[in-house]
Amino acid sequence: MRYGLIGEKLGHSFSKDIHERIADYTFDLIPLSKEEFKTFMEKKEFTALNVTIPYKKDVIPYLDEMDEHAKAIGAVNTIVNRDGKLKGYNTDFTGFLYMVKKHNVHMEGKKVLIIGNGGASAAIQAVVQHESAGSMVIIDVVPGNGAISYDEMFSSHLDAEIIINTSPIGMYPRIGNAPIDISMFHKCEAVLDVIYNPILTRLCFEAQEMDIKRVNGLEMLIAQAKQSVEFFLDKSIDDQIIDDIYQDMLRERCNIVLIGMPSAGKTTIGKMLENRMQKEFIDLDDIIIEKAGKSIPEIFEESGEAGFRAIETEAAIEVSKLNNKIIATGGGTIKHKVNMDYLRQNGITIFIDRDVDKLISSDPNRPLSKSTDALEKMHAERLPLYQKYAAYVAVNNSDIESTVTEIEEAYRSILIDAVSD
């Protein structure tokens with residue numbers, strides 16, 4: 001018996017983890033080139049498969065039968081081999097519909113804009129029709145086959161009320177990209193993105209900043225996998241498992257980003273959290289030193305603060321793409337919005353607040369923290385930014401063990417609300 005996922009590039013797929021949480025079988029990731037794909041399908045040496053880019057349509061000629069969703073959509077993401085006969089299904093429809101219903105996104109009578117026109121888009125289009133949207137506009141970099149150009153979208157469809165991204169724009173590792181500028185859409189009330197890595201795509205992050213309902217694709221991925229398992233094993237599974245796995249995966253994947261003044265205790269707290277939470281600790285200053293090949297005082301001496309901040313932004317972008325880390329930032333990381341925008345795509349930001357009189361430092365690696373006057377001025381300048389970017393504030397003036405416990409509990413309680421509506 002062989003279960004697995006076929007596609008061209010599967011290095012960052014979550015499917016193995018999800019399937020093996022749902023069912024008691026080994027789920028293989030099976031990357032196939034175009035040439036290997038043909039041979040693999042002809043041999044039929046598998047029990048059941050999930051199918052991803054670019055083979056959701058290419059598998060159809062090899063099938064003996066398709067279910068109604070797969071026929072209507074014209075794409076297949078699930079195949080079951082029953083005595084040599086291959087039947088294709090499309091569980092993307094059910095997965096996306098679950099996400100829509102779970103987050104109370106109401107499409108009836110609304111203008112819905114869909115970005116992308118590939119295999120994933122086909123299932124989303126079917127759901128939009130199912131939900132009785134008032135109109136559906138599809139845009140793609142290559143117009144045609146029902147899709148219009150971006151230029152036509154800009155000229156005629158900035159009144160879209162619901163926006164759905166089915167394109168790969170914004171997917172790991174290019175997490176800083178977004179397919180559109182959401183601020184142009186003044187009537188937008190909900191953004192849904194089928195991408196699930198990073199935790200918040202740039203599109204969803206920007207929607208969050210504008211207080212627009214936003215949902216990333218992890219729940220859709222889990223929901224469609226759950227239905228696939230039902231087809232694989234010919235059994236019914238309660239939907240509750242979707243939310244259970246979703247919450248577990250968020251807790252396991254989301255970073256904790258510690259911000260605060262120099263000497264606020266970020267490093268000490270970060271290392272204590274590492275021991276408690278099975279999340280690796282990373283000090284952003286260490287990444288900066290490694291990238292520069294010199295100490296922080298040397299960077300300041302040779303390049304000034306501006307040169308240091310440039311390297312700091314490079315380091316922040318680099319670590320923002322990681323998962324399941326505890327990241328201690330430098331005291332001035334919050335001075336540049338781009339740093340915090342990247343770090344918050346995969347992380348919950350905790351402000352470690354500490355009284356100024358407890359912050360004085362003789363550490364040579366802290367060239368801006370050598371006097372009380374300098375610290376007081378710095379604190380006054382930075383405090384509004386720490387407060388702006390904090391998902392939670394933890395005061396670290398006395399019992400550090402209590403502070404660590406407070407942060408751990410806060411992370412678990414605010415995580416779900418912080419990444420989706």
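## Ground rules

In this predicted model, local features need pLDDT of at least 70 and side-chain atom pairs count only at pLDDT 80 or more, while totals for chains, interfaces and linings use all residues. Residues are numbered from 1 along each chain as its sequence is written, and side-chain values use heavy atoms, with hydrogens and water left out.

## Aromatic pairs

The structure has 11 aromatic pairs (ring centres of Phe, Tyr or Trp, the latter by its six-membered ring, within 6.5 Å; planes under 30 degrees apart are stacked, over 60 edge-to-face, the rest tilted). One of them joins Tyr25 and Phe232, a tilted pair at 6.3 Å centre to centre with 40° between the planes. Tyr25 sits in the loop between α1 (15-22) and β2 (27-31), and Phe232 is 207 residues away in α8 (residues 218-233); helices (H or I, at least four residues) and strands (E, at least two) are DSSP runs, numbered from the N terminus.

Tyr25 is buried at 11% relative accessible area, and Phe232 is buried at 8% (buried is under 20%, exposed over 50%, partly exposed in between, with a 1.4 Å probe and protein chains only).

## Two helices crossing

Helices α9 (residues 240-253) and α15 (residues 400-419) pack at about 105°, axes 10 Å apart (axes are lines fitted to C-alpha atoms over the stretch in contact; angles run from 0 to 180 degrees between N-to-C directions). That makes α9 and α15 roughly perpendicular (65 to 115 degrees; under 35 is roughly parallel, over 145 roughly antiparallel, the rest oblique).
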